[in-house]
Amino acid sequence: MPTLTVNGRPLAFHMDPQTPLLWGLRDGANLTGSKYGCGTGDCGACMVLADGQAVKSCQMSLAQAEGRAITTIEGLSRDRSHPVQQALVAEQAIQCGFCTSGLVMAGAALLAQNPDPAPEAIKAAIQNLCRCGVYPRVVRAILRAGRVMRGLETIAAAPAPGGG
Ligand code: FES
Ligand code: FES
């Protein structure tokens, strides 16, 4: 029975240890923010953090994730206040939203390592696929989130779910 630390809490999964982490999170832990896009490691919709590194959870088994600190979009911030989330909203870099949680995790991992990346570094680091083509807006959003993290700018919090 694989036991993982997910969003700071130990979770035991009553699943085959070879189950992809994505399905463990979605079906075993009801953490459905990580999306299934391709299942082949190409799109990044399933991205989570493992010990702070962005990983594609469709390509990692529960057994491989054991002993690592897994962070999902649900654990990144409780109120959508992470600078990457704020900046993606502010730059209108969300269309259908299917790729968004993966983008947020990739952006958060990048900025945790380098809060002042050049546009080319952002394009190189964030290879997530977006069917809606928000790529230029994502670059602007990550640059903006970096400015927030460096204390150069503030962004008003994104509205609460449900429009409240
Ligand atoms: S679902 Fe994992 S990379 Fe596409
Ligand atoms: S916003 Fe639709 S797939 Fe990216």
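Let's start at a single glycine: just after helix α7, glycine 151 takes a positive phi of about 80°. Keep in mind, everyone, that we are looking at a predicted model.

Now step back along the chain into the helix itself. Helix α7 covers residues 135-149, which makes 15 residues. From the first C-alpha to the last, α7 reaches 21 Å, close to the 21 Å expected at 1.5 Å a residue.

Which residues of α7 are buried? They are Val138, Val139, Ala141, Ile142, Arg144, Ala145 and Gly146. Have a look at the numbering as you find them on screen. An α-helix has 3.6 residues a turn, so residues three or four places apart point the same way. Val138 and Ile142 are both on the buried list, and so is Arg144, a charged residue.

And what covers those buried residues of α7? The cover includes three other helices: α4 (83-90), α5 (100-113) and α6 (119-125).

Let's zoom out to the whole protein. There are seven helices and five strands. If you read along the sequence, the pattern goes β-β-α-β-β-α-β-α-α-α-α-α. So how compact is the protein? Its radius of gyration is 15 Å, close to the 15 Å that the globule rule gives for 164 residues, so the protein is as compact as a globular protein of that length.

Burial next: 43% of the 164 residues count as buried. For contacts, take the pairs of residues at least 6 apart in sequence; 62% of those contacts join residues at least 24 apart.

Now for the domains. The protein is divided into domain 1, residues 3-76, and domain 2, residues 83-155. Their C-alpha centres lie 21 Å apart. Where the two touch, domain 1 gives 16 residues to the contact and domain 2 gives 13.

Which elements give two or more residues to the side of domain 1 that touches domain 2? Those are β3 (47-50), β4 (53-56) and α3 (73-76). The largest share of that side, three residues, comes from β3.

To finish, please go back to α7 on your screen and find Ala141 and Ala145, two of its buried residues. Then look for α4, α5 and α6, which are among what covers the buried residues of that helix.

Methods: Residues are numbered from 1 along each chain as its sequence is written. Chains are lettered from A and ligands numbered from 1 in the order in which they are written. This is a predicted model: local features need pLDDT of at least 70, side-chain atom pairs count only at pLDDT 80 or more; totals for chains, interfaces and linings use all residues. Helices (H or I, at least four residues) and strands (E, at least two) are DSSP runs, numbered from the N terminus. The radius of gyration is taken over C-alpha atoms; the globule rule is 2.2 Å times the number of residues to the power 0.38. A residue is buried if 20 or more other C-beta atoms lie within 10 Å of its own, exposed if 12 or fewer, and partly exposed in between; C-beta atoms are placed from the backbone. Two residues are in contact if their C-beta atoms, placed from the backbone, lie within 7 Å. Domain bounds come from an automatic or database domain assignment. The expected span of a helix is 1.5 Å times one less than its number of residues.
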